[in-house]
Structure formats: structure tokens, C-alpha cells
Amino acid sequence: MQTVLILLGPPGAGKGTQAARLASALSSPHVSTGDLFRENLGKGTELGKKAKQYMESGQLVPDALVIDMLFDRVAKSDCAQGYLLDGFPRTVAQAQALDTRLQGSKVRALNLAVADATLVERLTGRWTCKACNHIHHERFSPPRQSGRCDKCGGELFQRNDDTHAVVEKRLSVYREQTKPVEAHYRAQGVLSDLDGSRAPDEVFKAMLAAARGEGR
Ligand code: AP5
Ligand code: ZN
């Protein structure tokens with residue numbers, strides 16, 4: 001049966017960091033709507049041009065654009081057995097559209113909780129690899145060589161939505177529009193709540209166990 005794992009949690013909770021590790025442990029493709037948009041932005045596609053203003057100001061891209069892009073991606077053959085969603089769904093309407101698509105699939109949602117002050121510290125110190133999207137932090141997981149990715153040697157950059165002002169906006173958008181998605185999956189009995197403030201290895205172990213349905 002197709003198995004879909006959904007990572008929920010505020011910006012900076014560690015979804016991208018953990019998704020990369022979980023994807024490799026579970027042999028499941030990592031599908032990040034944020035990465036897909038940034039790819040489109042980088043290539044200057046029509047979709048990228050439409051998403052740009054929303055992303056740069058910390059707002060959500062309209063549902064219809066996100067849902068079309070995501071459904072195109074997960075229709076590819078590598079997702080037939082299942083996949084891992086990072087950054088989607090972000091509104092109740094997106095969750096409902098996904099429910100309709102996933103009838104008959106197995107779904108689990110993992111919800112990472114982290115305090116706001118920690119989120120701001122994590123996001124404003126984040127450095128991402130241009131080539132492979134690997135995520136570093138200037139204090140919490142510094143690269144061995146300054147400005148270079150540990151995984152592939154690619155150039156590291158700071159996202160332009162990781163400034164203090166835009167981070168505050170993203171957190172308020174999260175509270176208003178994305179937080180209700182938790183209740184959506186809780187009501188379905190498929191949500192696990194996890195403490196995302198611990199060290200990355202501890203968070204990873206807890207997420208892997210929850211993804212495998214252990215301790216339930
Ligand atoms: P997106 O790229 O999805 O950003 P986000 O959800 O805001 O999440 P982040 O990537 O900022 O955080 P993360 O949880 O992945 O944290 P990370 O692992 O990097 O979306 C960007 C934009 O695209 C949105 O604002 C919106 O405009 C648009 N968009 C995307 N999807 C959309 C959708 N479905 N609908 C509408 N619009 C959409 O970790 C952060 C930092 O902390 C890193 O530096 C990392 O090294 C560090 N860190 C991680 N874990 C730990 C730990 N345990 N201890 C210490 N440091 C840690
Ligand atoms: Zn890299």
C-alpha cells in the first residue's frame with residue numbers, strides 16, 4: 001500500500017533537516033514544496049514568477065498553485081510506493097485536497113513543536129547549499145569549511161525569507177493558517193506530536209520510530 005508521511009511544524013522546526021534523513025532511512029522520496037518553488041524561482045519559470053512575491057514577504061502561495069505543482073510532482077513514478085511531504089499541506093484546504101487524492105493510501109503525520117525564540121535563532125542562522133539543499137546552521141551545525149556544504153562542497157547561501165522581519169511574518173502566517181492543519185490530522189487519529197527542540201539525532205530517532213508506528 002502507498003505510504004505517505006507528512007511533516008508538520010512551524011518554519012525552522014527542522015522539517016527539511018529531518019526529511020532528508022528520514023527519506024534516506026525509509027527509501028522514500030523527499031518532496032518539499034518550498035524547494036520546488038525555489039527551483040522554479042531559480043529557473044525563472046512562470047510558476048516561480050507567480051510565487052516570488054508571496055515567498056519573499058513570508059505569505060503563503062495561493063492554494064491552487066501549490067496543489068497543482070505538488071500533485072504533478074507526486075504523480076511521478078518514484079512516488080508510486082509513497083513519499084515524504086515537507087511543507088505541505090499548509091492550509092486546511094490543501095489537507096482536504098490531499099485527503100481526496102490519498103483515499104486508500106496509508107497516511108501518518110509527524111508534528112514537530114519548537115518554541116518561537118528558538119525558531120527565530122535557527123532561521124536567522126541557517127545556511128543552505130545551492131547545489132544539494134543540504135542545511136547547515138552557523139552555530140548548531142556549522143560547515144567544516146566556511147561557506148561550503150559538507151555533503152557536496154557546493155556554495156552555501158542564506159534564504160532571503162530568513163531575515164528577522166520576514167521570519168516574524170512567517171510565524172504569524174503559520175499560527176493563523178497552518179496550525180489548524182494539526183487538528184485535521186489529529187481528528188483522523190494519524191498525528192504524532194514530537195518535541196523538535198532536542199538535538200537533531202534525538203529528534204530523528206523519535207521521528208523514525210513514529211513513522212514506523214512504534215510505541216503506538
Ligand atoms: P518552506 O521552504 O517550506 O519553509 P518553512 O516551512 O518556512 O520551513 P523552513 O524550511 O523555514 O524550516 P524547516 O522546518 O524545514 O527547518 P530546517 O530543517 O531548515 O517554505 C518557504 C515559502 O514557500 C513559504 O513561506 C511559502 O511562501 C511557500 N510555500 C511552501 N510550501 C507552501 C504551501 N504548502 N502552501 C503555500 N505556500 C507554500 O531547520 C532550520 C535551521 O535550524 C537550520 O539551520 C538547521 O540546521 C537548524 N536545526 C534544525 N534542527 C535543529 C535541531 N534539532 N537543533 C538545532 N538546530 C536545528
Ligand atoms: Zn550540498
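User: In this predicted model, what arrangement do the four donor atoms around the zinc ion (ligand 2) adopt?
Analyst: In the predicted model, the protein donors are the SG atoms of Cys-129, Cys-132, Cys-149 and Cys-152, lying 2.2 to 2.4 Å from the zinc ion (ligand 2). Four donors count as tetrahedral if all angles lie between 85 and 135 degrees. The angles subtended here are 99 to 114°, and therefore the arrangement is tetrahedral.

User: What spacing do the donors of the zinc ion (ligand 2) follow along the chain?
Analyst: The donors are Cys-129, Cys-132, Cys-149 and Cys-152. Cys-132 lies in the loop between strand S5 (126-129) and strand S6 (135-137), while Cys-149 lies in the loop between S6 and strand S7 (156-157); this pair, 17 residues apart, links distant parts of the chain. Along the chain, the donors follow the spacing C-x2-C-x16-C-x2-C.

User: Is Cys-149 buried or exposed?
Analyst: Buried means under 20% relative accessible area. Cys-132 has a relative accessible area of 34%, so this residue is partly exposed. Cys-149 has 4% relative accessibility and therefore counts as buried.

User: Which residue in S7 is the bridge partner of Thr-128?
Analyst: On the S6 side, Thr-128 stands opposite Ile-135, and Arg-126 has His-137 as its bridge partner. S5 and S7 run antiparallel. In S7, the bridge partner of Thr-128 is Phe-157.

User: Which residue in the turn of the S5 and S6 hairpin has a positive phi?
Analyst: S5 and S6 pair in the antiparallel sense. They form a hairpin with five residues between them. The turn residue with a positive phi, of about 70°, is Asn-133.

User: Which are the edge strands of the five-stranded open sheet?
Analyst: This sheet has parallel pairing and the order S2-S3-S1-S4-S8. Its neighbouring strands are turned by 20° against each other on average, direction ignored. The edge strands, each pairing on one side only, are strand S2 (30-32) and strand S8 (191-195).

User: How many bridges join strand S1 to strand S3?
Analyst: S1 (residues 3-8) and S3 (residues 82-86) run parallel. Thr-3 stands opposite Gly-82 in S3. The number of bridges joining S1 to S3 is five.

User: At about what angle to S4 does helix H8 run?
Analyst: Helix H2 (residues 33-43) lies across S2 and S3, running at about 65° to S2. Helix H8 (residues 200-211) lies across S1, strand S4 (106-113) and S8. The angle of H8 to S4 is about 155°.

Terms used:
Residues numbered from 1 in each chain as written. Chains lettered and ligands numbered in written order. Predicted model: local features only at pLDDT ≥ 70, side-chain atom pairs only at ≥ 80, totals over all residues. Heavy atoms only, no water. Donors = N, O, S within 2.8 Å, 3.2 Å for Na, K, Ca; no water. Tetrahedral: all angles 85-135°; square planar, octahedral: opposite > 155°, others 65-115°. Helix = DSSP H or I, 4+ residues; strand = E, 2+ residues; numbered from the N terminus. Buried < 20%, exposed > 50% of the residue type's maximum accessible area, 1.4 Å probe, protein only. Pairing = 2+ DSSP bridges. Axes fitted to C-alpha atoms, helices over the stretch in contact; angles between N-to-C directions. Contact = heavy atoms within 4.5 Å.
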